[in-house]
Amino acid sequence: MDNFKVQMEAYKLAMEEIKPALEAHNSARRTIGQTFAAAMTSARTAYKAVSDDSTATAEAKLAAKTTFETAKTAAVTARQAALTALGAAPTKPAKPEKPTKPVRPVRP
């Protein structure tokens, strides 16, 4: 049991050390996601403004759709590049397993 307590203290210490790195990684992922969402929203809004306009010509609607598709592709590519540059999240240390309690002997 003493060995488990030592292992658990080491685990808690390791978690405290890795916590800032995990928070920074999650914050960066969140920022990448928000940037992607903002790019998609602005592209979608511009496309919707033209497609909902009843006075817009077919050429204008096609150009708006092409612009939207290009912006969408650029946003997806930028997000993927940012996630690749960010890399994998730091790995958490393995939590020690609690020792099993000994089984009480049965009297015959």
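The protein chain exposes about 8700 Å², and carbon and sulfur atoms supply 59% of that area. The areas come from the Shrake-Rupley method with a 1.4 Å probe; for residues, only the protein chains shown count as cover. This is a predicted model, where local features need pLDDT of at least 70, side-chain atom pairs count only at pLDDT 80 or more, and totals for chains, interfaces and linings use all residues. Residues are numbered from 1 along each chain as its sequence is written, and side-chain values use heavy atoms, with hydrogens and water left out.

Now take the overall form. The protein chain has 2 helices and 0 strands. Helices (H or I, at least four residues) and strands (E, at least two) are DSSP runs, numbered from the N terminus. The C-alpha trace spans about 90 × 35 × 15 Å along its principal axes. Its radius of gyration is 27 Å, while a compact globule of 108 residues would have one near 13 Å. That radius is taken over C-alpha atoms, and the globule rule is 2.2 Å times the number of residues to the power 0.38.

Of the 108 residues, 14% count as buried. Buried means under 20% relative accessible area, exposed over 50%, and partly exposed in between (1.4 Å probe, protein chains only). Among contacts (heavy atoms within 4.5 Å) with a separation of 6 or more, 81% come from residues 24 or more positions apart.

Finally, look at Ala89. Ala89 sits in the segment after helix H2 (58–86). Ala89 is partly exposed, because its relative accessible area is 38%. Ala89 and Ala21 are 68 residues apart in sequence, yet 8.3 Å apart in space, C-alpha to C-alpha.
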